[in-house]
Amino acid sequence: MPRRRQALLLPGRNYSVQGPLLMYTHVALQSRGAHTYPLVWKGVDQLAADPQGMIEGVCEQTEAVLDRVHNDDPPLLVGKSLGTAAAILAAHHGLPAIWFTPFLQHYPIVQALRRSTAPYLLVGGTTDPAWNTALARELPGEVCEIRGADHGMFIRGRPLVESAHAMADVIEAVEAFIDTAVWPRTG
């Protein structure tokens, strides 16, 4: 029996699954036959109130969906910003992941990324305060870094087309990661 490809889409605080990073990833996943589960955070402002509450709340809400969808093929976790707190679950369950603008300033998230055994992709911009180039490169995952991009993957003060090109670079990295590390294409 063929395995079911599945992915959970974990939004940011002010960045829904309709935002370009998650929306394009959603399309890429569906084009590869994956069933996607977009989450909407309950009590998002409370989740973002303090780091420990954020981690516990994100993990609890993600785990509730994970329990319903997990089968013999581990689902892919795709998180943006706040959703990257689920890196703790990814490390615990050995799940592959794509982390957009991860909170690299939060010790528990960094520790989870260090001990993760499944492949993951970190995507960040050099002007994002949540990003840390040196740290991202020392972690065991793959890295896609966009020079000049902020937390929303915009390159402020430059022609808008540069942000569009940056988004294209991110999506190219996401598709390559999916096709090589998550669900390798055969033949």
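Author: Residues are numbered from 1 along each chain as its sequence is written, and side-chain values use heavy atoms, with hydrogens and water left out. Because the model is predicted, local features need pLDDT of at least 70 and side-chain atom pairs count only at pLDDT 80 or more, while totals for chains, interfaces and linings use all residues.

Reader: Why are β2 and β6 called edge strands?

Author: Strands are DSSP runs of E, at least two residues long, and helices are runs of H or I, at least four, numbered from the N terminus; two strands pair if DSSP finds at least two bridges between them. In the open sheet, ordered β2-β1-β3-β4-β5-β6 with parallel pairing, β2 (35-38) and β6 (142-146) each pair on one side only, and so are the edge strands.

Reader: How do you know that β1 and β3 pair?

Author: Four bridges join β1 to β3 (residues 76-80), and since the definition asks for at least two, the two strands pair. Leu-9, for instance, has Val-78 in β3 as its bridge partner.

Reader: What makes a set of residues a nonpolar core, and which residues have the most contacts inside the largest?

Author: Such a core is a set of buried (under 20% relative accessible area, 1.4 Å probe, protein chains only) Ala, Val, Leu, Ile, Met, Phe, Trp, Tyr and Cys residues joined through side-chain atoms within 4.5 Å. The largest has 37 residues, with the most contacts inside it made by Trp-99, Ile-109 and Leu-113, and α3 gives the most to it, seven residues. Apart from it lies another core of 29 residues, including Leu-22 and Met-167.

Key:
Buried means under 20% relative accessible area, exposed over 50%, partly exposed in between (1.4 Å probe, protein chains only).
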